[in-house]
Amino acid sequence: MKHIWRKLKSLFGAANAASDAAMIEALFATDIAGIAETDFRTGKFTRVNGRMCEMLWRSEKELLSLGPPDVQHPEDVARIMPDFIKSMSEKGRWESELRHVLPDGEIVWARINAMVIERDPSGAPLRGLGVLLDITEARRADGKVREQAEVLKVAQTIGRVGAIRRDIVAGLIHADASVREILALPEGDAPIRTEDWLAGILEEDRGRVAHAMRLAIENGDPGISLDYRTLCPRTGGLRYIELRARYHFGPDGKAVSSLGVAIDVTERRAAEQRLAHAAHHDSLTGLPNRSLFRVRLEEALARARRGVGFALLCLDLDRFKEVNDTLGHPIGDRLLVAAAARLRKVLRETDTLARLGGDEFAVIQTCLLEPQEAAALARRLIETLSAPFDIDGQEIVVGVSIGIALAPHDSGETESLLSAADMALYRAKSDGRGLWRYFEPAMNQRMQARRDLELDLRRGISESEFEIHYQPILDVDTRRVKTFEALLRWRHPTRGLLTPDLFIPLAEEIGLIVPLGDWVLRRACDDAARWPESIGLAVNFSPAQFQSRHLVARIAAALRESGLAAHRLEIEITENVLMRDKEATLAALRALKELGVRIAMDDFGSGSSSLSYLQVFPFDKVKIDRSFTCELDRPGNSNAIMKAVASLCGGLEMAVVAEGVETEGQFAALQREGCREAQGFLFSRPVASSELPALLRRLGERRALTVAAE
Ligand code: C2E
Ligand code: MG
Ligand code: MG
């Protein structure tokens, strides 16, 4: 473009000097620029060349019917006109850049050089010659550059970015105004000495930055990226700076200067820190959460591999669920916060306390010299949490159970260490509450066995491997069968016939007892509906079943669907059932009694507070635990307990049954002591439903009994 321009200038020079018709002809013949002759009296073009027509997208004929103002942008016409008239009259020449409008509205920028080629005798211009160069492309690029510079400036301000140039040889830094603001450097244009810039960096970071810069230059790195902190001169707060630069190298390959940007990333850092904190901390207590705890645990394990042992304590609040359920979640939340604060007080700075979720906490006790130190800490933690809490004027008592695993002794791996502490916690909980337990390898085997049993149990249920055996309960005076008690059995494909003690505790713990118990009830009711009217059915119920929904409705449905009269069904519960949610349980028991179902207290005397339970509900029957029966008729035994219970129950109008009668001697003693019913191996072991007719015959009964086909 520049090249063409020079060429034209030289042409012009010639034309101007000579105003020679031949020169003008030559000019019209070129196609490097648009050439147009204008008559100032008519204001119209009188001659145009081909390039002019191309530039303005008009035919020669059309152009000759128009004048310059018809093709120029109206705004530009207004702008240039005064100067054009003045310059042409006075100097005979005029030049400018202006927009032309194409028939379709598109804009073409042109650089115009105009000169007067004829004047009237008074000297007023009559005709002029214009040379037009299309500069649209250049203009557009220019506009882009200007726009980019604008954007850059805005971006710099918003992004808090500034350009920085360093003269490595002279040890000087040249910085634009925004960098000076960001880096808190003196204002103005004067270069800054590298040392002065370094002096502004926070002391903790300065050595590292200087070292990194030296190293990058020594290594001949193409560029460098630094981050450091300075103090904001206005607020005195920390400012986080990121600096990135590229080096320029001299002929000897050494870096002589660098060009880069400095970015103030303080806000971003703060946001990052906020996010990181939220991602790694529990919002309620502010303690590290499970994910951060795992990181800390891994770090501690890395140190443990180098010989620095530690203890992992897993904590679980006792009775927290009760607090949450009875006093509401807001109180529960505040209790957790208060508990976390107490725990923190007991710990050292170097220990880590985390909330793993719910009412579970965990501690990494570092620098452990003796395993006993973990137990000592556990004791202190238990003590601090056993003191009552005052939340909103309410006194709340919780407690805590703790499982301890030692690293690297118990495990050197995150997962297995956590599960070791968990197993120890599980043991602490099941041994009672407010206790701590160390992990022992045997727990691992038990846990594994438990997991295996759980899977097996689920499979057994889906494969219908369960069956019901029945054991008769006889009237002591007549020796006739009064009731059959349904006792669950698992016909296991490899382990044979399993009794309930091998699987019911687990089924209760994992909630499977509810569907399993429902199945027992329905199946037993169906069986009993075929027995003689005079024989009743006893079914055992677990505490978990009383916690499940719609228990009464489900029992009513089982009776309805089997056709068994309600008075023939007896439900056996142990005192454990009454220990949980007593009010709801009593309500359910009362509703069952309304239905006509009878309620028996099972295993009486085996628990701790048996007598008091006899007062809370009018049981129809009390079954005296086997442990008393087996004492009967022993030499030197007065049978006083059996006698006392029998007379007490008689007074309360509750029938008394002795469980586990194995000998005729025991049976005779029962009769003497006033016990009305008896159950035990003396009469029969529990048998499959199909064996019941034979059992009745063996017991000398004349009553016939039909059973369902298997
Ligand atoms: P339980 O309700 O006290 O049942 C009596 C248990 O004593 C039965 O054990 C029975 O076989 C056993 N037994 C009966 N007579 C004698 C005897 O003379 N000597 C000895 N040594 N034992 C005798 P089993 O069948 O192993 O059941 C154990 C417990 O499992 C039951 O105690 C009951 O609490 C529970 N259970 C059984 N079936 C079910 C069920 O379907 N649901 C629920 N929730 N629990 C059940
Ligand atoms: Mg029972
Ligand atoms: Mg019992």
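The model is predicted: local features need pLDDT of at least 70, side-chain atom pairs count only at pLDDT 80 or more, and totals for chains, interfaces and linings use all residues. Residues are numbered from 1 along each chain as its sequence is written, chains are lettered from A and ligands numbered from 1 in the order written, and side-chain values use heavy atoms, with hydrogens and water left out.

Domains to begin. The assignment gives domain 1 (2-140), domain 2 (161-264), domain 3 (281-439) and domain 4 (454-709). Those bounds come from an automatic or database domain assignment. Taken over C-alpha atoms, the centres of domain 1 and domain 2 are 54 Å apart.

Now the sheet. Six strands form an open sheet, ordered β8-β7-β6-β11-β10-β9, with antiparallel pairing. Strands are DSSP runs of E, at least two residues; helices are runs of H or I, at least four; both are numbered from the N terminus. Two strands pair if DSSP finds at least two bridges between them. β8 (192-193) and β9 are the edges; each has a single partner strand, so one side of each lacks a neighbour in the sheet. β7 (residues 172-175) and β8 are joined by two bridges. One bridge partner set is L172 with R193 in β8.

Two helices come next. Helix α10 (residues 203-219) packs on the sheet and touches β6, β9 and β10; its direction makes about 165° with that of β9. Helix α11 (residues 266-280) lies across β9, β10 and β11, at about 125° to β10. Contact means heavy atoms within 4.5 Å. Axes are lines fitted to C-alpha atoms, for helices over the stretch in contact, and angles run from 0 to 180 degrees between N-to-C directions.

How many cavities of 30 Å³ or more does the structure hold? One. Of 13 lining residues, the closest to the centre are R166, W197, L243, A245 and S258. A cavity is a set of points on a 1 Å grid, over the protein atoms alone, where a 1.4 Å probe fits but cannot get out; lining residues have an atom within 4 Å of a point. Points join across faces, edges and corners, and the volume is the space filled by probe spheres set on them. β6 (161-167), β9 (223-231), β10 (238-249) and β11 (255-264) each supply at least two lining residues.

Last, the hairpin. Nine bridges join β3 (residues 93-101) to β4 (residues 107-119), antiparallel. V101 has I107 as its bridge partner in β4. Five residues lie between the strands, and G105 takes a positive phi near 95°.

Key
1 Å grid on protein atoms, 1.4 Å probe; cavity = no way out; pocket = protein on both sides within 12 Å on 5 of 7 lines; lining within 4 Å.
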